[in-house]
Amino acid sequence: MFGVFSRILKVACVAGLMTVASGVPVSALNVQPVVVDLMSKGRRSASIITLQNALTGTVPVELSVREVQLVDDQFQELEAESEDLMVFPATALVPEGQSHAFRVQWVGEPDLDRSKHYYVSVAQLPIDLPENENAVQILYNFKVLVSVGNPDGTAQIGIQSATIETDDSGRAFPVIVARNEGNTHGYVASSHMTIVQHDAAGTEIFRKSFTSDDVQRVMGLGLIPSGATRRLPLNVDLPRNEGTVSVTLSAAQGR
């Protein structure tokens with residue numbers, strides 16, 4: 001039992017992006033990678049997630065898997081734990097200064113007709129404290145995004161529309177709606193991107209091209225499940241909040 005003065009502060013770390021209270025050391029625990037691509041059959045149907053413990057003392061952790069679905073452009077977890085994606089071991093004690101490897105294995109349908117997506121939760125468990133000890137336990141909970149596709153499938157991502165939006169400060173930026181017509185998942189950041197803006201009179205006032213690495217920096221990976229449509233804002237400053245904007249994708253060299 002925890003002492004009556006013991007409190008627990010949970011720190012959520014979703015796909016590597018952490019929102020923490022001031023003063024919380026974000027590097028105390030580290031999970032890599034935070035985005036995993038698996039195939040539904042063959043040698044790439046399994047991968048390794050590694051947890052590194054830079055905290056003082058041994059850390060108990062528990063792993064769980066839940067399928068996620070795209071809802072209002074965000075990935076949301078289903079309540080039931082998945083039986084198609086397994087993790088080994090499901091619990092572990094990670095000593096101070098050491099790392100622990102966890103195997104993620106697809107055991108579901110080998111011939112998927114669409115991509116499947118999951119959060120693997122790597123959750124630090126609370127420990128027993130001495131009775132009436134006045135202490136705060138900070139518990140980290142990492143969520144690793146795992147996508148599973150058929151190795152025979154292909155992604156076909158295109159831009160359906162692009163619009164100009166403004167934030168509360170008046171900053172103008174483009175927002176795209178992208179759709180994946182393929183039968184497996186893909187990433188917008190796998191392509192090169194060109195953004196062009198014209199003013200109300202039709203004069204070009206902005207043009208910029210981005211490599212696939214640049215695209216990842218301005219919008220993230222931009223995961224689009226098979227058969228899905230997703231609205232994605234781009235972290236690119238446009239010169240004006242009027243006129244039109246177009247966004248085009250092209251194959252990245254060597255991909």
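Predicted model: local features only at pLDDT ≥ 70, side-chain atom pairs only at ≥ 80, totals over all residues.

Student: What is the chain built from, in terms of helices and strands?
Tutor: There are 20 strands and 1 helix. As for contacts, take those with a separation of 6 or more: 70% of them join residues 24 or more positions apart.

Student: How should I read strand pairing?
Tutor: Strands of a sheet pair through backbone hydrogen bonds, and the pairing can be parallel or antiparallel. Take β5, residues 46–53: this strand pairs with β10, residues 99–106, in the antiparallel sense over 7 bridges. To find your place on screen, look for Leu51, which sits opposite His100 in β10.

Student: Which other strand pairs with β10, over 4 bridges?
Tutor: That's β8, residues 85–88, and this pairing is antiparallel too. Here Phe88 stands opposite Arg103 of β10.

Student: In what order do the strands of the open sheet with 3 strands run?
Tutor: The order is β17-β16-β20, with antiparallel pairing. β17 (204–210) and β20 (244–251) are at the edges; each has a single partner strand, so one side of each lacks a neighbour in the sheet. From one strand to the next, the twist averages 15 degrees.

Student: Over how many bridges do β16 and β20 pair?
Tutor: Over 8 bridges, with β16 covering residues 191–198.

Student: Where does helix α1 pack?
Tutor: Helix α1, residues 212–219, packs on that sheet and touches β16 and β17. The direction of the helix makes about 65 degrees with that of β16.

Student: Is Arg217 in that helix buried or exposed?
Tutor: Arg217 does lie in helix α1. To sort a residue, compare its relative accessible area with the cut-off: exposed means over 50%. Arg217 comes out at 60%, so this residue is exposed.

Student: What separates the C-alpha atoms of Arg217 and Leu234?
Tutor: Those two C-alpha atoms are 9.5 Å apart, while along the chain the residues are 17 positions apart.

Definitions and conventions:
Residues numbered from 1 in each chain as written. Heavy atoms only, no water. Helix = DSSP H or I, 4+ residues; strand = E, 2+ residues; numbered from the N terminus. Contact = heavy atoms within 4.5 Å. Pairing = 2+ DSSP bridges. Axes fitted to C-alpha atoms, helices over the stretch in contact; angles between N-to-C directions. Buried < 20%, exposed > 50% of the residue type's maximum accessible area, 1.4 Å probe, protein only.
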